[in-house]
Amino acid sequence: MDYTNLPKWNALHQMIPELPVEQANKPSSTPNSVVITRRSPQFRFNRSEKVWLNDPVISHFFNALSVFIPISERVVMEVARQEIDDINDPKLRYEVLALIRQEGAHARWHRHTNTILAKRYPAIRLFTFFQSKFMQLLKRLLPATSIPAAFEYFTGTLAATYTENRGLICGRKRNELIKFLDWHALEELEHQSVCLDLYRAKYPNHKLLLPILLVTLWMPLTLVAVFGTQLYFMLKDGLIWKAANLRLFAFWTMRITMELIRELPGYCRSGAAHWSNNKHATYQLAKCHFQEHS
Ligand SMILES: [Fe+2]
Ligand SMILES: [Fe+2]
């Protein structure tokens, strides 16, 4: 693919706080065999059932995740647009542009599913209000590119966990929301190291900042927000009063937390190390899952 002569994106946003700015000159670490592709699947969510995965508890985990995705992906796009003109490597510039397009489509469809969710669970409007305020504050306080790098660590890890355990998570169910999840998981795996590359290009000497932020800020914050919202959904549906549901919730929180901890060193080392053989296999598997729907 020819990565040259790609359009530049004008700086759209306000100045970030004064921080050391290094020249963005680190190349992309996404393997050449992976081309970040814009896909445009269509979904009809209105017919989707309430328990759309194998179990209502796990359905609510992915519902809770969906609540926080549009604002997070909007921040990813804002920062990527802000930085794209400073990227020297044409391959990385192409990938950032492709990531913006993918995230735009994801956020649009998540807003759609969240509108349906908000009718059943109105408190999520309050959750997203606080998320929006908090993200704006963090954008002013932190190096801007560290935010997408942190966010993509979560989406990449969760996409891999979903893809590798899809049989258990979905069971025999097939519906529009699973098709949506397969699509989003595939594209998150595809662009999993792009925001890390963007961060490393901007701050090549900040080796410790990202792992410190992930462990002390992003991981506790994200886990409390997502698992707390999942519990709220379970409470509203009366699921919380069954011991079996609480056991599954406890197991799932442990499982997701362990996956995030396990992935942390690999993600923070380097983009190239991040794309291990296992990651290639998971990416191929995600492609197969998505193609099942076509
Ligand atoms: Fe996304
Ligand atoms: Fe993403």
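Q: Before I look at details, how much confidence does the chain carry in pLDDT terms?
A: Start with the confidence score, since this model is predicted. Here the chain averages a pLDDT of 88, and 90% of the residues score at least 70.

Q: Where in the chain is confidence lowest, and where is it highest?
A: The lowest confidence is in helix 10 (residues 271-274), with a mean of 61, while helix 6 (residues 176-190) is highest at 97.

Q: How many helices and strands does the secondary structure of the chain have?
A: The count is 11 helices and 0 strands.

Q: How do I check the span of helix 1 at 1.5 Å a residue?
A: Compare the expected span with the distance between the end C-alpha atoms. Helix 1 has 28 residues, so it should span 40 Å, and its end C-alpha atoms are 40 Å apart, which agrees. For helix 4 (residues 146-164), 19 residues should span 27 Å, and the ends are 27 Å apart.

Q: Where does the kink in helix 1 lie?
A: Look at Ile69, where there is a kink of about 40°, shortly before the proline Pro70.

Q: Are these helices mostly covered or largely in the open?
A: Count the buried residues in each one. Helix 1 is mostly covered, with 24 of its 28 residues buried. Helix 4 is mostly covered too, with 18 of its 19 residues buried. In helix 3 the number buried is 1 of 18, so helix 3 lies largely in the open. For the chain of 294 residues, buried residues make up 41%.

Q: Is Leu53 buried or exposed?
A: Count the C-beta atoms around the residue; 20 or more within 10 Å makes it buried. Leu53 has 24 other C-beta atoms within 10 Å, so Leu53 is buried. Leu53 sits in the segment before helix 1, and its contacts beyond four places in sequence include Phe62, Ile169 and Lys173.

Q: And is Ile261 buried or exposed?
A: With 12 or fewer such atoms, a residue counts as exposed. Ile261, in helix 9 (residues 243-269), has 12 other C-beta atoms within 10 Å, so Ile261 is exposed.

Q: How far apart are Leu53 and Leu177 in sequence and in space?
A: They are 124 residues apart in sequence, yet their C-alpha atoms are 8.6 Å apart. For the chain, among contacts between residues at least 6 apart in sequence, 88% join residues at least 24 apart.

Q: Which residues have the most contacts inside the largest nonpolar core?
A: This core has 69 residues, and the ones with the most contacts inside it are Leu65, Ala80, Val96 and Ala150. Its largest share, 15 residues, comes from helix 1 (residues 56-83). Leaving aside neighbours within four places in sequence, Leu65 is in contact with Leu158 and Val226.

Key. Residues are numbered from 1 along each chain as its sequence is written. Chains are lettered from A and ligands numbered from 1 in the order in which they are written. This is a predicted model: local features need pLDDT of at least 70, side-chain atom pairs count only at pLDDT 80 or more; totals for chains, interfaces and linings use all residues. A nonpolar core is a set of buried Ala, Val, Leu, Ile, Met, Phe, Trp, Tyr and Cys residues joined through C-beta atoms within 7 Å. Helices (H or I, at least four residues) and strands (E, at least two) are DSSP runs, numbered from the N terminus. Two residues are in contact if their C-beta atoms, placed from the backbone, lie within 7 Å. The expected span of a helix is 1.5 Å times one less than its number of residues. The bend at a residue is the angle between axes fitted to the seven residues ending there and the seven starting there. pLDDT is the predictor's confidence in each residue, from 0 to 100.
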